[in-house]
Every structure is written in C-alpha cells, then in structure tokens.
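These are my notes on the model you sent over. They are set out as numbered points, to be read next to the structure.

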Amino acid sequence: MRRALAAAAVAALALTGCGSEEPAATTEETPATSTPDESAVASESPTPSPTETSTDDSGYAIEIEIEGDRIEPRGKRIKVKAGEPVTLEVESDRAAELHVHSSPEQVLEVKKGESTSSLTIDRPGIVDVEEHETGIVVFQLEVR
Amino acid sequence: MVFAHGVGGAQDLPIPAELAIAGASAALAVSFIVLAVAWRTPRYDAATSGRRAPERLSRLVDSPYFEWTLRLLGLAFFAYVAVAAVFGPDLLVNPTFGVVYVLLWVGLVPASLLFGPFYKAVNPVRTLHLLFSLLTGGDPKRGMYDLPRWVGYWPAAAGLFAFVWLELVYPDATYLSPIRLWFAVYVAVLLVGSALFGSVWFERADPFEVYSTLVGHLSVFGRREDGMLVLRSPLANLDAVPAGPGLVAVVSVLFGSTAFDSFKDMNAWLQFSQSTSLPMTWVNTLVMLGFCVVVGLSLTAATVAAAPREGVRRSDLPALFAHSVVPIIVGYMVAHYLTYFVESGQQTLIQLSDPLGTGANLLGTADGEVNYWLSAHPTFLAVTKVLAVVTGHVLGVVAAHDRAMKVLPKRHQLTGQLPLLVVMVFYTITGLYLLFGA
C-alpha cells in the first residue's frame, strides 16, 4: 500500500505546490523543494560537487533519457548508501518532474535538454523515483 | 510547501537472506518438534478454559456506562472523519486516507491483540443500529428474518475482498470519492442487513468487525458461553473461534491479499507492470484473487485429506482448522505493516488535527513530527519481522495440533496433521520469501 499512498502524496504536492501562478518550473535554481530540516536533501547543481570523489563511485551516477512518454530506465533497482549523493544525468526532450518517494517526499525539476541533479537519501529503505506525467517509476534506490 | 504533510514514501528494505533462512529453518524445526512431543489429548476447551477476570474489571467492562462511552467515542470519531472525507481537501493532507488505510485497517490488529474484539465495541454502524432499535423500541438482536446458517462468514469475506481491492488494486484508492462511495455502501449494507437479520449481521458481514474479532481471539480476554469474562492464554482463546461456512474464505482473503501486497512491491513485478500493455487493474485483480484462492484451496485440501472421527463431518474440517491460520496471518501482518503503521500512523495523528486543511490544530498534534527511528534501524526491524512471522507460525502449528487431537481419530492423529503442517510451512516460507524478495 505504501507506494499508492506515496503517489497520492505527491499528487497532492503537485496540485498545491505547482499551481497556476507558478511558472513552468524548469529553472536551475530550484533546490528550494526541500526545507533545511529535512532528513533527505535534494538539490540541483550545474556541475557535480567537487568535494565528492564521484569519479570512482560511478555506480552512483544514473543516466536517464526522457523522450516524450518513453523513459529509460524503467524500474531499475540501484543500490546506494544512505547519506551519499546520487547523481542523475538527465537528457530530456521536455520539462519533467521526478518525484522521489522518500520519507518525506522530494521533487526534482528537470528542464528540457541535458541537466544534472543530485539526490541524497539519509535513511535506509526502498525509494521509488517516479516521473510525474507518465507515472512511470524510472528507478528504485535500495538505500542501505 | 506541503512537504511536511507527505505520507512516508520509502518502503522497507528486503530482509537479509540469512535471517529469512534462519526463520524458515526455525519454523520447519518447531513444526516437527510440536508434532513429535506435544500433548496427545486436547488441551484447549473454549467452554471451560480461562480464569475468571477480576471482579472489578468485569464489572467495569460489563457496565452500560463503559459500553456506551466506547460506542459514543467510536461514533464521534466516525463523524469527525466523515466530515474530513466530505468537506476536507482531496489531497493527502486529508486524514481520511491515513485513518482508513493505516489506523483502521492496520491499527485494528494491535488494538484487537491488546483488547480483544475492539472493533465490535466501537463499531459506529453497530451503534447506529442500537440507536435505531432504541428509538423504535425493537430488540436489536432480532431482525425480520433469521440469517440462514449457510451464509456464515461469506458476506464478511466478500467485504474484506472489496476493501483490499480498493486498497491494493484500485488505481484511485487515494482519492476521496472512491473512499466515500465504498464507505457509503458499507454503511448501507450493514444497516439494511442488521434491520433484516438483527445484530448477528455485524458478526457475519462487517469486514472490520469479523477481522478484529478473529484477531481479538489472540488477546488474553475471552468470554465463556454464558458471557463470563475470563483471562486465558491466546491459544486457549483462539480455540473459541466459532467455525462456520465462509471462515476459510475470510482467512484466505486476509492472508492472500497481504501476500499479494508484498508480491506487487517486488522489483520484477514493477518492471513487468511497466513494460506490459495488459490492463494492469484487471491483471492485479486476478493475481490478488489467485493468491486468495491458493490459500483457500491449499487449506481445504490439507484439512480434508484425513478422515475425521465419528460425529465430525469431513466437509467441516477446513473451517474447524481455519482458526489456526489466524496467528500466521497476524505474524505476517506485523512483519508487513510495522513500519507503515508506526510511521504513517504518526503522520495520520498529525493530520487529524487539521481535518479540513485550514491550518487548524484541533487536537494539538498538528505541530508534531514523525519519528523515523524504526526505518533508521533496519537490522532491528528485520529481526522483529522474522520473529513475528516465526512466532505466528509456532502458535498456528500448536493451535492446529490441538484441534487435530479433538477432531481426528486416534489412529491417525499425527499423520492426519501432516498435510496441514506442510501447508503452514509453505505459507510461512512464502511469507519470508516475499519479505526477502521485496
């Protein structure tokens, strides 16, 4: 049941959070989707953080392709460590929203073209990352 | 932002393989130890077992003040949530979802384990029926007709299936209108049925009351046939579950649907459901039904395999053994729902303070924060889950053994139990596998 409830949570979020007065919400400077006291922090940055040795941890980089309703990967499970950032390299032909079903929820805005986002989950568990428009679970993080 | 209101989305990690294997081995070993060394004459007798509850306790529980306090609290809570369901926002900040799927559906298990038939005591529709009877001067126990015996628990089994279908299959389960419709039908069916058949209808048709009363048989509180309140071991209490037509269906739906819930969280099923062009609502309906049918058929086949002793009809055997699956169900429910109950339950209590989404803080809980300690300790969580499953299995095997001593003839009391024992091991190992594979 957990996934269904989570999906609605984000539906609620999308309705209230991305109302008509908001612009298409694709700009880079929207790490504001999370409040500081949240256990998990989503942020978007044009370049991968230089402090992380992300080159050897290549397993934590996920490539995503969005082409209209076609999304790759679909439902792939990826093992990561709690508290360590995951880099999402997205290539998309449209603006999209990735809903991260962690507790609490997070949203990553994706703009048209190539972009890079970073995502950190602080607690162990299975976290679905879902593309909002299609409802497709792009990948699952198995956080340990 | 509404982030602070989202219901926890993360799911539990799969349990480690070593733990799953250890749990399965323990279940297997205990099963045969019970068979080999346990008592050879029936030990539990619902009619005589138990110690009389302390005078003060039974006087309190049996007093009309106590009864009506619970009844009115239940009715008030129902009305409170109904207001939220009708006038509140159709967003997840609405407490209705958490009340229905977490507090009611999952919470009735711990409440009944602690207090016995909890839902029966607070059942708002039962209270409405009592109030109508008071107004019209009728006897609430009596309806216009006698409920035919063959009906048994079948209406409750259908109601349970309808609820788990809404929860686990229906894609719009987290919108208000399907929930309102479901509960409108629920209230109508119960009110009409109780007018026709009297209050026995609740014991046969109310999915939540039947579920809660079944689980309540694992509490220490029971009543003898004359109504005397007694304290007794959960196993002795479980012996008092009235067997009847449809009881097998009830336990099959409860167990099959929960196993299905784990199954559909498996990554392979997610990948399949996202790559197929099949209509997934139908596929899920059929698969969930399939899980329930497998439980029902395996339980039936395993129990009718042995000929009963004289005076017991062979076709009654599945229902006579169905109570022994209840502890297995409860153990698995604990494993499956523990984090969800603890964490989403806290979230629901917070949301209940603001039923209409107006920023109110009616109960003083609106500023609370969810404690995620359980999720943050996955090893503790996994061990607890496996212990719950194994405990449930052991209690189930013991309950089945005692019943076999009663209904099977001496010459194959032991061999006659073997098929059911094998089926129980199969249930438990499947459960552990699903917890491991999720």
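1. What pattern does chain A follow, read along the sequence? The order is α-β-β-β-β-β-β-β-β-β-β, that is, one helix and 10 strands. Please keep in mind throughout that this is a predicted model.

2. Some totals for chain A. The chain has 144 residues, of which 44% count as buried. Taking contacts between residues at least 6 apart in sequence, 66% join residues at least 24 apart.

3. One peptide bond in chain A deserves a look. Glu72(A) and Pro73(A) are joined by a cis peptide bond, with omega at about -5 degrees. Pro73(A) sits in the loop between strand 3 (70-72) and strand 4 (76-80) of chain A.

4. Turning to chain B, helix 1 and helix 19 of chain B pack with their axes 10 Å apart, at an angle of about 15 degrees. An angle under 35 degrees counts as roughly parallel, and the two helices are therefore roughly parallel to each other. Their crossing is right-handed. From helix 1 of chain B the contact takes in Leu19(B), Gly23(B), Ala26(B), Ala27(B), Val30(B), Ser31(B), Val34(B) and Leu35(B). Helix 19 of chain B contributes residues including Val383(B), Val386(B), Val390(B), His393(B), Val397(B) and His401(B). By type, the residues of this contact are 14 nonpolar, four polar and no charged.

5. Val37(B) also belongs to helix 1 of chain B. Is Val37(B) buried or exposed? Val37(B) counts as exposed because it has 8 C-beta neighbours inside 10 Å, and the limit for exposed is 12 or fewer. Between Val37(B) and Phe255(B) there are 29 Å, C-alpha to C-alpha, and the two are 218 residues apart in sequence.

6. Helix 19 of chain B also packs on helix 17 of chain B, at an angle of about 170 degrees and with the axes 6 Å apart. That makes the two roughly antiparallel, because angles over 145 degrees count as such. On the helix 17 side of chain B, the residues that meet helix 19 include Pro327(B), Ile328(B), Gly331(B), Ala335(B) and Leu338(B). Among their counterparts in helix 19 of chain B are Leu381(B), Lys385(B), Ala388(B), Gly392(B), Leu395(B) and Ala399(B). This contact divides into 12 nonpolar residues, seven polar and one charged.

7. Helix 17 of chain B has a further partner in helix 4 of chain B. The axes of these two come within 9 Å and cross at roughly 145 degrees, and the crossing is left-handed. Pro95(B), Gly98(B), Val99(B), Val102(B) and Leu103(B) of helix 4 of chain B make the contact with residues of helix 17 of chain B, among them Tyr340(B), Phe341(B), Ser344(B), Thr348(B) and Leu352(B). The division here is seven nonpolar, six polar and no charged.

8. Asn94(B) lies in the loop between helix 3 (64-87) and helix 4 (95-104) of chain B. Why does Asn94(B) count as buried? Asn94(B) is buried because 27 other C-beta atoms lie within 10 Å, where 20 or more are required. Leaving aside residues up to four places away in sequence, Asn94(B) touches Ala84(B), Gly88(B), Pro89(B), Leu176(B) and Gly357(B). The C-alpha atoms of Asn94(B) and Thr348(B) are 8.7 Å apart, although 254 residues separate the two along the chain.

9. Helix 8 of chain B covers residues 154-169 and has 16 residues. From first C-alpha to last, helix 8 of chain B reaches 21 Å, close to the 22 Å expected. Buried residues of this helix include Pro155(B), Gly159(B), Phe161(B), Phe163(B) and Glu167(B). Their cover includes helix 4, helix 10 (200-205), helix 11 (207-216), helix 13 and helix 15 of chain B.

10. Last, helix 20 of chain B, residues 418-437. Helix 20 of chain B has 20 residues and spans 28 Å between its first and last C-alpha, close to the 28 Å expected. Its buried residues include Leu420(B), Met424(B), Tyr427(B), Gly431(B), Leu435(B) and Phe436(B). Among the elements that cover the buried residues of helix 20 of chain B are helix 1, helix 17 and helix 19 of chain B.

Methods: Residues are numbered from 1 along each chain as its sequence is written. Chains are lettered from A and ligands numbered from 1 in the order in which they are written. This is a predicted model: local features need pLDDT of at least 70, side-chain atom pairs count only at pLDDT 80 or more; totals for chains, interfaces and linings use all residues. Helices (H or I, at least four residues) and strands (E, at least two) are DSSP runs, numbered from the N terminus. Two residues are in contact if their C-beta atoms, placed from the backbone, lie within 7 Å. The expected span of a helix is 1.5 Å times one less than its number of residues. Axes are lines fitted to C-alpha atoms, for helices over the stretch in contact, and angles run from 0 to 180 degrees between N-to-C directions. Angles under 35 degrees count as roughly parallel, over 145 as roughly antiparallel, 65 to 115 as roughly perpendicular and the rest as oblique. A crossing is left-handed if the near helix is turned anticlockwise from the far one by less than a right angle, and right-handed if clockwise. Ala, Val, Leu, Ile, Met, Phe, Trp, Tyr, Cys and Pro count as nonpolar, Asp, Glu, Lys and Arg as charged, and the others, Gly among them, as polar.
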